[in-house]
Amino acid sequence: MTTVGVGMVGHAFMGRAHSQAWRSVGPFFGPPLTPVMTALAGRSAERAGAAAASLGWASVETDWKELLRRDDVQLVDICTPGDSHAEIAVAALDAGKHVLCEKPLANSVAEAEAMAAAAGRARERGVRSMVGFNYRRVPAVALARRLVADGRLGTVRHIRAQYLQDWLADPQAPFNWRMDRDRAGSGALGDIASHIVDTAQFITGHTVTGVSATLETFVPERPAPGGGTAQVTVDDAALFIARTDRGAVASFEATRAATGRKNALRIEVSGSSGALSFDLESLNELWFYDGTEDGATAGFRRIVVTEPVHPYTGHWWPPGHVLGYEHTFTHQMADLLTAIADGTDPSPSFADGLRIQRVLAAVADSAASRRWVDVEGSE
């Protein structure tokens with residue numbers, strides 16, 4: 001097999017980002033499997049048809065189940081709200097389709113467990129699955145992981161992570177599905193805190209084992225699209241402290257009401273002999289401190305992560321020419337296609353996604369009970 005037919009479910013924000021990635025991964029990365037943008041599934045034939053024409057998909061289905069019946073679709077890409085992830089992913093895996101599922105993996109631990117079990121069954125038949133935590137594929141983040149793995153920070157002691165957005169700072173910002181617990185599962189917790197938990201664990205190799213948390217909803221009602229107001233049933237902000245399996249302490253803050261902050265995913269890792277710092281709003285830069293240098297001249301230094309020796313960047317432009325948000329999805333598709341071709345397990349797996357879901361559940365439990373909560377399965 002030299003090609004893989006892709007069927008994508010959903011065509012809004014994430015659907016557009018994924019479509020861009022499927023279009024660009026072949027020309028820039030030359031993966032061992034060439035993706036064919038076979039079919040786009042959406043509930044409205046009119047809207048899905050317009051999206052397919054705009055984004056480059058060859059055909060349209062109005063029922064995602066039709067993708068599973070098509071012999072020309074070997075991979076299902078799930079870009080829908082969280083309430084449908086489990087149903088689509090389990091059915092696709094059981095039908096023998098490879099699956100890429102946007103994060104967070106599910107809306108509950110039970111759903112994530114069912115998805116991970118389906119992934120395990122499928123794996124025995126050579127069917128692969130991956131959850132889409134795309135910020136792992138920022139070259140500077142991948143370089144940070146390399147520095148930690150190479151021992152440049154010594155023993156990791158402290159992790160500080162934030163994800164700050166302000167699109168809900170305005171009380172008049174209209175209601176959408178991301179504010180509905182039934183569809184989204186949670187608010188800032190699942191939407192963006194999931195990213196910083198995954199990014200922190202990816203960079204350090206540590207696993208979060210316990211948390212103490214608080215959740216807050218600042219605006220309980222918002223203007224509804226059809227008039228009137230709608231009840232907000234999710235959190236606007238999530239804050240928690242944590243411990244890891246390797247003895248580090250961590251702090252996490254995720255909010256969609258940080259006035260003036262647009263997309264500031266920030267992480268700082270402090271070790272016994274070094275430190276690093278990253279901010280998504282300057283995503284081509286990594287700041288690194290080498291504690292072994294002479295104290296008279298030691299200090300954080302800025303690394304512009306655009307050199308051919310850096311992760312992923314050699315596939316793009318000459319040194320110094322920066323990359324953007326959209327490139328992370330292309331890197332994601334390249335890694336997935338390579339894993340499928342090689343018969344290896346792509347990362348992050350559905351098992352990884354389940355572990356993140358258990359951290360989110362522990363945070364919600366801690367906030368509700370006002371106590372320290374150990375993450376399930378981390379004993």
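User: Where does P104 lie, and what makes a run of residues a helix or a strand here?
Analyst: P104 sits in the loop that runs from β5 (98-102) to α5 (109-123). The labels come from DSSP runs, numbered from the N terminus: a helix is H or I over at least four residues, a strand is E over at least two. The model is predicted, so local features need pLDDT of at least 70 and side-chain atom pairs pLDDT 80 or more, while totals for chains, interfaces and linings use all residues. Numbering starts from 1 along each chain as its sequence is written, and side-chain values use heavy atoms, without hydrogens or water.

User: Which residue is joined to P104 by a cis peptide bond, and what is omega?
Analyst: K103 is the partner, and omega is about -20°.

User: What joins S347 and P348, and where is P348 found?
Analyst: The S347 and P348 bond is a cis peptide, with omega about 0°. P348 belongs to the loop between α9 (325-342) and α10 (350-369).

User: What makes Y312 stand out in phi, and is Y312 buried or exposed?
Analyst: Y312 is not a glycine, yet its phi is positive, about 75°. The residue lies in the loop between β16 and α9. Buried means under 20% relative accessible area, exposed over 50%, and partly exposed in between (1.4 Å probe, protein chains only). Y312 has 18%, so it is called buried.

User: Is R370 buried or exposed, and how do you know?
Analyst: R370 has a relative accessible area of 78%, which is over the cut-off for exposed, so that is its class. R370 is in the loop between α10 and β17. Phi is positive here too, near 55°, in a residue other than glycine.

User: Why does E61 get its burial class, and what is E61 in contact with?
Analyst: E61 has 17% relative accessibility, so it falls under the cut-off and counts as buried. E61 is part of strand β3 (residues 59-61). Contact means heavy atoms within 4.5 Å. Neighbours within four places in sequence aside, E61 touches L40, A41, G42, E66, L67 and R70.

User: How do you know which strands are the edge strands of the nine-strand open sheet?
Analyst: Two strands pair if DSSP finds at least two bridges between them. The sheet order is β16-β15-β14-β13-β7-β12-β11-β8-β17, with mixed pairing. β16 (301-304) and β17 (373-374) are the edges: each pairs on one side only.

User: How many helices and strands are in the protein chain, and why is the chain called as compact as a globular protein of its length?
Analyst: The chain has ten helices and 17 strands. Its radius of gyration, taken over C-alpha atoms, is 21 Å; the globule rule (2.2 Å times the number of residues to the power 0.38) gives 21 Å for 379 residues, so the chain is as compact as a globular protein of that length. The C-alpha atoms fill a box of roughly 65 × 50 × 40 Å along the principal axes.
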